[in-house]
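Have the sequence and the model ready as you read.

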Amino acid sequence: MNEAAGVVTGSGTRTHQDTVVICGGRGFIGSALVQALTARGYSVLVLSRSGSGETHHGASVLAYSELAQLRACRAVINLAGADIAGGRWTAARKQELRGSRLETTALLCEWVRQLQSPPQVFVSASAIGYYGETGETPVDESAAAGHDFASRLCRDWEAALDLPADIRRVILRIGVVLGPRGGALRRMLPAFRLGLGGPIGHGRQWMSWIALADLLNLILSALDDAKYAGVYNAVAPEPVRNRDFARALGGVLHRPALLPVPAFVLRLLLGEMSSLLLGSQRILPQHALEQGFQFRYAEIEQALATALGQVDESGG
């Protein structure tokens, strides 16, 4: 194992109090975060079910089974969780979604409680699914949890965060993340590029989204600024209706976006999971705005154009 990561394999143990430990660092968001952290000079350690001795975008990889070797770290970022949109919500799939979140979070918390030098901050992902269906009502972090499967999943995920009181904790309820090479856009682009995209159902439902770059900056702010604590809705300040999102994506691609996807077809194909696409969530990032966080991509057209490479990261 790379000594810069603060651990070695075998019987030896090293400590490194500047290490940022990432769980879920090989996914769409995690991979981009690893690169952002290493670019800032952080020592990054990616937890994995296997692969100790490997590297990922310049970060060392450590298997969960060897986690006890790491005796100190600066911060923990927990992004772990099976893709909630990765398949129908069968009983087995629901159990996988819960286990990948709750069990991993409990494992990390147990490890943190045993550390000689605990992290200064623990950043843990959640999702705006916490709120359930919100219809036309704008919702901020003070709203209660909903009652559907996704809401219960997020509520229990957050409740699994059992840490010592002196560790600053930040929970990010993340919306639809728009970025290159992954996430929601990866699923949408094939149809839209063929001119076969369009609104989902009636298209009036609200979508709460965030540009990947803004999400990364929000996580970095939570690491660097001790004022960040508690729950934050990780969404842009301007949610959009689904039909307007489809129109914007079609416009960026210079393709028509007029073919609606009937709600009954989605319910037939996806079952309960169709609520992710048909439900309305008008979520606002009130806590982040009060904190003074500056969203670089507040308009959907700009976020989509940047995600698809039509605008460079300097905004030109």
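Phe293 and Phe295 are both buried, where buried means under 20% relative accessible area, exposed means over 50%, and partly exposed is anything in between (1.4 Å probe, protein chains only). Before we go further, a word on what you are looking at: this is a predicted model, in which local features need pLDDT of at least 70 and side-chain atom pairs count only at pLDDT 80 or more, while totals for chains, interfaces and linings use all residues. Residues are numbered from 1 along each chain as its sequence is written, and side-chain values use heavy atoms, with hydrogens and water left out.

Now for the rings. Rings of Phe, Tyr and Trp (its six-membered ring) pair if their centres lie within 6.5 Å; planes under 30 degrees apart count as stacked, over 60 as edge-to-face and the rest as tilted. How many aromatic pairs does this rule give? The count is four. One of them joins Tyr130 and Tyr131 edge-to-face, with 5.2 Å from centre to centre and 80 degrees between the planes. Tyr130 is buried at a relative accessible area of 13%, and Tyr131 is buried as well, at 5%. Phe293 and Phe295 also make an edge-to-face pair, their centres 4.9 Å apart and their planes at 85 degrees.

A charge sits over a ring if NZ of Lys or CZ of Arg is within 6 Å of the ring centre and within 35 degrees of the ring normal. Tyr130 has the charged end of Arg173 over its ring, 3.6 Å from the centre. Over the face of Phe149 you will find Lys94, at 5.0 Å from the ring centre.

Next, look inside. In soluble globular proteins, nonpolar side chains tend to be buried together. A nonpolar core is a set of buried Ala, Val, Leu, Ile, Met, Phe, Trp, Tyr and Cys residues joined through side-chain atoms within 4.5 Å. Here the largest has 51 residues, and those with the most contacts inside it are Ile22, Leu37, Ile77, Leu172 and Leu223. Helix H5 (residues 212-224) gives this core its largest share, eight residues; helices (H or I, at least four residues) and strands (E, at least two) are DSSP runs, numbered from the N terminus. Setting aside residues up to four places away in sequence, Leu223 touches Leu37, Ile77 and Val121, among others, where contact means heavy atoms within 4.5 Å. A second, separate core has 23 residues, including Leu189 and Ile300.

What about the cysteines? The structure holds zero disulfides, a disulfide being a pair of cysteine sulfur atoms within 2.5 Å. For Cys23, the nearest cysteine sulfur is that of Cys109, 11 Å away, and Cys23 is buried at 1% relative accessibility. The sulfur of Cys73 is too far for a bond, because the closest cysteine sulfur, in Cys109, is 12 Å away.

Finally, turn to helix H4 (residues 183-193), where Gly183, Ala184, Leu185, Leu189 and Phe192 are buried. Seen down the axis of H4, these buried residues fall within an arc of 120 degrees, so they line one face of the helix; the arc is that of the directions from the helix axis to the C-beta atoms. They pack against helix H1 (28-39), strand E8 (176-178), helix H6 (242-253) and helix H10 (300-307). In helix H6 you can find Asn242, which is buried at 5% relative accessibility.
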